[in-house]
Structure formats: C-alpha cells, structure tokens
Amino acid sequence: AAICAAATDSNGDGLKDITFRRRLSEVGSRTATANRNFFRIVVGLEGKLLHDRFSWDIGYNYGESSEQQHSTGQVNVLNFLSALQATTNAAGAIVCANPIAVAQGCVPINIFGAGSISPAALAWVNADSQHTFTLKQQVWDANVSGSLFDLPAGPLGVAIGAEYRRESSNEDWDALTNAGLNGGNVLPDTSGRFNVKEAYGEVNVPILKDLPFAKQLNLRAAGRISDYSTIGSVKTWEIGGDYAPVEDIRFRATLAKAVRAPNIGELFTGLSQTFPLLVDPCTGIGPTGGGTTGDNCRAAAGVAANIAANGVFTLTQADRQGISGFNGGNPNLGPETGRTFTAGVVLAPRSIGFLRGLSLSVDYWHIKVDNAITLLNRQLILNTCYQDGLAASCALITRNPAAIGAASSGSIKFVNDFSINAASLTRSGIDTVLQYRRGLGTFLGSPLNMNARIAYTHLIKGFIIPAPGQAPDRQAGELGPPGVPKDKFDASLGFDNRLWGINLTGTYIGKAYEDDQFLALFGLGPNAISIRPIFYLDGQIRFTPARKFEFYVGANNITNVQAPLILSGSGFNTTGSNTDEAMYDVFGRRYYAGVRLRF
C-alpha cells in the first residue's frame, strides 16, 4: 500500500507506474538444447594423360549443416507488461487492465516476494526461444598436374585448375527474439548467398640438382583469379623457392598476396543488440569549459538539461549499465588484402644413422592485412564524436532527450556499429616444429614405432589499427580472438604397432593479459590483469584386431584443469561461462569411445 501511494501516473494512461528489478527465479534456469545434422557427399573421377606424364581429376562436393535450438528461461515481455497492468473488477477480483489481453488469457502477476508468481501467471509470461539455421555449400572443380618437360635439374612441374563454389546461409529466430521481447537482446534473422568462379596456375622450376653446395634448388610461382558475385574479381599470387646445399639442410622462403572476401554474416547480418561497457566522454562536463568535448556535449539537448539540473553532467549506475547498441552487416563491404612473407630452415639429418627420423623446422612469418573488416570500437566512436567532432561517429550515437524511466536525461541509449573495411592488422612470429620417429623393435608380433612431435609458436608482434589515423591496439599477449598469447605449444608422444596404439597430447597456453583498451576504461595499465599459463593433457588408446576394424577410447583434459575466470564486462568473457571460450576449455575432464569400420 505504501508503494502504491508513493507511485504516480507518469504517462497518463490511468495506471500508477513503478520501476523495479527482480530476478525471475520462478521461470527457471536458462537452458538450451541443440539438435545438429550434417550431410556431405563427394564424387569424382581421376585418371592419367600423355603416357602418365599428367594426372587429372574432376569432382563435385555438396555439404549441408543444419541445427535446431530450443532455449528456456525467458519471458514474453509484452505478456509480462499486460500482467503487470492489473486492476480490480466489479467483483473485487484482481484482473488484467487490458480487455484484449484478458481475452487472450492474461493472468495478473505478483512480483512482490520470493515465489510470489503463481503457476497460471508463470504460464502466461513464459516464452521459450527457437533458433534454426542451415548452411549449404556446393563445389565443382577440375585439376590437371604433371611435368611439362624435363630440365637438367628435373622435370618442370605445372598445375592448372578451375573451381566453381556456391554457398548459402539462413538463420531464423522466433518473432519475440527478433524484436527483443523475450527478455533478451534483439537478434535478427540472416539470409544470404554468393558464388565464386576461380582459375589458377602453378609452376615449379628445378634450377640445380646434385651439385657441390647445391643438392637442390627450386623456384615456384602461382597465381589465381577469383570472380565473386559480391565483390567482383580479385587476384592473388605467390612466389617462393627452396635451397638445399646438402641433403640434411633445406632453406625456404615465400612471398604472397592474399585476399579474403567478406562472408555471408559480414555482408547480410541484420541488426543485433548488445550492451557494451563504455565511458561517456560527457561525464563531469559543466555549463562552461571542457573545450571541444564540452561544446559537443552541451549541443545535445538532454545533456544540457542534465547539466542544468545537476550542475555537471551526472549519470547513475543504471545509466552506465543501460547503454545498448546494434551491430549490423554491410552489403557494400570489399575484400581484405594481405601480404605474407615466410622464411625458414629445415634440418633433417638423414646421413647420421641414430638421428635418421628426426626433423626440425624453424620459420619466421610476417603478415600485414589492409582494409580488414571490423566493427569499430564503440569507445572510439564516442571519443571521435565528442573529442574530434567527427559527424560520421556522432550519427551512430543516440541519447535520451529527457529522463525516461530509470534513464537520466542525456544518458546514452544506443551506440550502433557496422562492419566496414577500415582496420589494418600486423602480426609476426616464429613457428618451430620438432619431430622424431624411430622403430623400437618388435612388440606383440609386429614392429613397434615411436612418434614424438612438438610445435611451438612465439608471437613477436601483433596489433590492429582500428581505423586510419588511430593508435595501434595491442593484440600480442592478450586474450583472444583476435588476441593470442605470445607463447603456445602442442606436444604429442605416441607408440603404435599393427594391433595397438597409445598417444598423449599436451597443449600449453602461455600467460595472457586482459585487453588493454578495456583496462584503460578503469585507469589501469596494459598488464594490470594477467591470466596464468594453462596446460591441457589428452590421451587415446586404440586397438585394431583386424584391418577393417579399429576401436578406440580416450579422454580430453585428463587432469581436469579448470578454465580461468575472466573479468565481468570484458569482451572476452563469454556469457554463462565467465571465461574466454575461444581460448580455454570450459568442459573439464571428459571421455569418449568409438569404432571405425573400413569397407
């Protein structure tokens, strides 16, 4: 009664308005089930030409993946609103005020007190979510390869081919989710397709062979032209070579141009809602001063009214947490273009008996991508609008013109963002692979082999420039993607013979740091929050009693390493797991078993 007496009719609909927040435990936990189906067929022909100097093949590949998801734990916001708008009828019973809602089965809802929502009201407001999507791909290809003629150092190898690829994708949410009316974000339906026609040619030219300090020298080149239905024609190329002064050492290098066309999601995704954590540049701005930022902030009527009421622009915690925005695709996107350079050495001491079977490769690589497709950082949008007066950024920002519900006058309502070709990406690092295979004699009547492999990547440099003229944003050593730890390795050790096999695989993820741009929002330095190194161990045992049958059992994350917790609000914190699911294992120890049949 006291709350009702204090409430007022703020919108003139004859009902007193109350703002509240409540955890709807009666609705139950949010759960999701998924049913996924995959189908693929590959058919082809292959043969020989010109006295077996050339091989040819033609093929067709069709693949389709579909999924149906059913989620619970959500509410129908419209039905909830109708249930809240309650009154008493002539008989003194509490009923929904809207007669149309009553005709549809509306049941008043009582939000005061734990467990106060009746089963009938719960049935009226409960709203499960449905999500289905289908991906399809078709590929036709034809290839010819072989030796054109013989040179003193060996045959001149060539390859030519053509491919036609068609892809389509369709994603469908229920109507409530499309409108953001089931207690969650607005999520759009997406549908799109594209096709591409490609032709390529490759050549390998042997220059030297079996000469002093030139056991082998080869040069190679390749080119490809692709015609996309979405972005038009693009060209890529590669040149490289390898040089072995002696049998045990080989040097190699490659320089290439790469192109990535935008995918269906980047091109055709509709507006999807998000709730970012941002710092409003207008916070603390008064009636005068503040330079360019102050002038641009006061130009918004809502901000000016807020300053007039509070002396300076003032926001509540609800204002900060209530900032929303929409991400969207862009059908006018162009291709990303990149330059890659790799150089390395391979050591394979075949001439030394006990080292035969050992190989070590070390490669340096450098990648630079221009016109990278990206969503602009929303904090960057705010800063370039109010600090720099950039009209294009300001057009993406919507503020509340007056106090609305719990939102203060002038508070940010939306900061929208769309995919554009604006970023540039640079990464470089070193890949090291050590492999060793050795026979260990006879075990259970057949030769026993040992296989060991370590693959290690060290990231030297990694950063992105989100837009021309902006400062580089560090990625090396950060959580990902797009960040990645500076150090990561995979190691495996296996023993096998005709009947049995056992394999252990370890994965080490080095120390990583929270995104420096996120930490800067709180005045923290780039390395203020770190994530400890992680090591995962997997294992498998197989048994092959006959050539056509193989049984296997295995376990992943044998030591049950738990994923590290990530800061709430971080862009890497996956909702529901409180960690970076792209980098760390969220399931813990798990087991599997299976059988393979060969016909």
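**Close-up views of a predicted model**

**View 1. V484 counts as partly exposed, at 25% relative accessibility.** The model is predicted, so local features need pLDDT of at least 70 and side-chain atom pairs count only at pLDDT 80 or more, while totals for chains, interfaces and linings use all residues. Residues are numbered from 1 along each chain as its sequence is written, and side-chain values use heavy atoms, with hydrogens and water left out. V484 sits in the loop between strand 19 (473–474) and strand 20 (487–496). Strands (E, at least two residues) and helices (H or I, at least four) are DSSP runs, numbered from the N terminus. Leaving out residues up to four places away in sequence, V484 touches R427, L459, Q475, A476, G477, E478, L479 and M583. Here, contact means heavy atoms within 4.5 Å. N218 is 35 Å from V484, C-alpha to C-alpha, and 266 residues away in sequence.

**View 2. The whole protein chain has 12 helices and 26 strands.** Its C-alpha trace spans about 100 × 60 × 45 Å along the principal axes. Of its 599 residues, 36% count as buried. Take the contacts with a separation of 6 or more: 66% of them join residues 24 or more positions apart.

**View 3. The second largest pocket has a volume of about 180 Å³.** Of its 13 lining residues, E202, A222, G223, W237 and E238 are the closest to its centre. On a 1 Å grid over the protein atoms alone, a pocket is an open set of points with protein on both sides within 12 Å along at least five of seven lines; a lining residue has an atom within 4 Å of a point. Grid points are joined across faces, edges and corners, and the volume is the space filled by probe spheres set on the points. Which strands each supply at least two residues of this lining? They are strand 7 (190–211), strand 8 (214–228), strand 9 (232–246) and strand 10 (249–260). Strand 8 gives the largest share, 5 residues. By class, 6 lining residues are nonpolar, 2 polar and 5 charged. Ala, Val, Leu, Ile, Met, Phe, Trp, Tyr, Cys and Pro count as nonpolar; Asp, Glu, Lys and Arg are charged; the others, Gly among them, are polar.

**View 4. The largest nonpolar core has 20 residues.** A nonpolar core is a set of buried Ala, Val, Leu, Ile, Met, Phe, Trp, Tyr and Cys residues, joined through side-chain atoms within 4.5 Å. In soluble globular proteins, nonpolar side chains tend to be buried together. In the largest core, C297, F313, I381, L382, Y386, I397 and V415 touch the most other members. Helix 8 (301–310), helix 10 (378–386) and strand 16 (412–415) each supply at least two of its residues. Helix 10 gives the largest share of this core, 5 residues. Another core lies apart from it, with 13 residues, including V27, V75, C96 and C106.

**View 5. E67 and R36 meet in a salt bridge through their side chains (2.5 Å, N to O).** The two belong to distant parts of the chain: E67 is in strand 2 (residues 54–72) and R36 in strand 1 (residues 31–49), 31 residues apart. A salt bridge is a side-chain nitrogen of Lys or Arg within 4 Å of a carboxyl oxygen of Asp or Glu. Buried or exposed, what is E67? E67 is buried, at 2% relative accessible area. R36 is exposed, at 59%. The whole structure holds 21 salt bridges.

**View 6. R399 forms a salt bridge with D280, with 2.8 Å between the closest N and O atoms.** R399 lies in strand 15 (residues 397–399) and D280 in the loop between strand 11 (272–274) and helix 7 (291–298), so the pair ties together parts 119 residues apart in sequence. R399 is buried, at 12% relative accessible area. D280 is buried too, at 5%.

**View 7. R298 forms a salt bridge with D295, the closest N and O atoms being 3.0 Å apart.** Both residues lie in helix 7, 3 residues apart, about one turn of the helix. Elsewhere, salt bridges that share partners join E163, R165, E167, E198 and R224 into one network.

**View 8. H51 has a positive phi of about 55 degrees, although it is not a glycine.** H51 is in the loop between strand 1 and strand 2. H51 is exposed, with a relative accessible area of 82%. D210 also has a positive phi of about 55 degrees without being a glycine. D210 is in strand 7.

Definitions and conventions: On a 1 Å grid over the protein atoms alone, a cavity is a set of points where a 1.4 Å probe fits but cannot get out, and a pocket is an open set with protein on both sides within 12 Å along at least five of seven lines; lining residues have an atom within 4 Å of a point. Buried means under 20% relative accessible area, exposed over 50%, partly exposed in between (1.4 Å probe, protein chains only).
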